[in-house]
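Trainee: Can you walk me through a few helices in this one? I'm new to it.
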Amino acid sequence: MNLSLQFGPVLAHLDRLIQGIEQTLVLAFVSIFFGIVIGILGAVGRVFGPRWLSASIAVYVEAIRNTPLLIQLYFVFFTLPLIGVKFSSHAAAIVALSIHLGAYATEILRAGVESVPRGQIEAARSLGLGQYRIIRHVVLAPAVRAVYPALSAQFILQLMGTSIVGAIAAEELTAIANNLVMQTFRSFEVYIVIAVIYFVLVQGFSLMLAGIGRLIFRWKT
């Protein structure tokens, strides 16, 4: 069997590949932003909230972590419209990805929050600091620093997780790749190019996150 690689027909659609990269990055960054907001609120609610709130957050976390992301995506896009909540494919992808990341971020940040010594919190209270300032400065700051590597790994998984949103016709890199396969019939070449692009994106994202960590937390190399 002779295999002749021809990347010309694939690279002829470079503009569409660049568009796919842009959409992938938008989905990743927007969902990471909302996911980390959900994670912070969820972690604080689980540790410092009343019992009913902590239990509700625990149910949310377990429900999300024990079901596939694809099913969550289908639920947001196909099921919620049955009760009048309708999203475009792009918006549904962001909602599903944000909720998915939020559950994992909640557990990661909760571990960080619980690692903060209780004596440190009591000392802050004895100094007259309010609950908001204690959570923000005494709890969250060291908690985020402690779990930043785990959060970074989850963010990278989130970037790669955007590859499934083509299942609801959201245009991102993998969805565009699948369309190119049908147009060019060069599946081997298309997926080689896509794999290289994802590799570069993940490596660049990893370096960016490491740089942010060193900048914010002043880590010593």
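Predicted model: local features only at pLDDT ≥ 70, side-chain atom pairs only at ≥ 80, totals over all residues.

Trainee: How many residues does α8 have?
Mentor: Helix α8 has twelve residues, 173-184. From first C-alpha to last it reaches 16 Å, close to the 16 Å expected at 1.5 Å a residue.

Trainee: Which residues of α8 are buried?
Mentor: Leu173, Thr174, Ala175, Ile176, Ala177, Leu180, Val181 and Thr184.

Trainee: And what covers them?
Mentor: The cover includes α1 (8-11), α2 (14-48) and α9 (187-217).

Trainee: What happens at the start of α8?
Mentor: A side-chain oxygen of Glu172 comes to within 2.9 Å of the backbone nitrogen of Thr174. Just after the helix, Phe185 has a positive phi of about 60°.

Trainee: New topic. At what angle do α7 and α9 pack?
Mentor: About 160°, with the axes 10 Å apart. Angles over 145 degrees count as roughly antiparallel, and α7 and α9 are therefore roughly antiparallel to each other.

Trainee: Which residues make that contact?
Mentor: On α7 they include Tyr148, Phe155 and Ile156. On α9 they include Leu201, Phe205 and Leu209.

Trainee: Is the crossing of α7 and α9 left-handed or right-handed?
Mentor: Right-handed. α2 also passes α9 in a right-handed crossing.

Trainee: How do α2 and α9 pack, then?
Mentor: Their angle is about 40°, and their axes are 12 Å apart. So α2 and α9 are oblique to each other.

Trainee: Which residues meet there?
Mentor: Among them are Leu17, Ile21 and Phe29 in α2, and Val193, Ile197 and Tyr198 in α9. Leu201 and Phe205 of α9 meet α2 as well.

Conventions:
Residues numbered from 1 in each chain as written. Heavy atoms only, no water. Helix = DSSP H or I, 4+ residues; strand = E, 2+ residues; numbered from the N terminus. Expected span 1.5 Å × (residues − 1). Buried < 20%, exposed > 50% of the residue type's maximum accessible area, 1.4 Å probe, protein only. Contact = heavy atoms within 4.5 Å. Polar contact = N/O pair within 3.5 Å; in protein donor to acceptor, adjacent residues only side chain to side chain. Axes fitted to C-alpha atoms, helices over the stretch in contact; angles between N-to-C directions. Parallel < 35°, antiparallel > 145°, perpendicular 65-115°, else oblique. Left-handed = near helix turned anticlockwise from the far one by under 90°.
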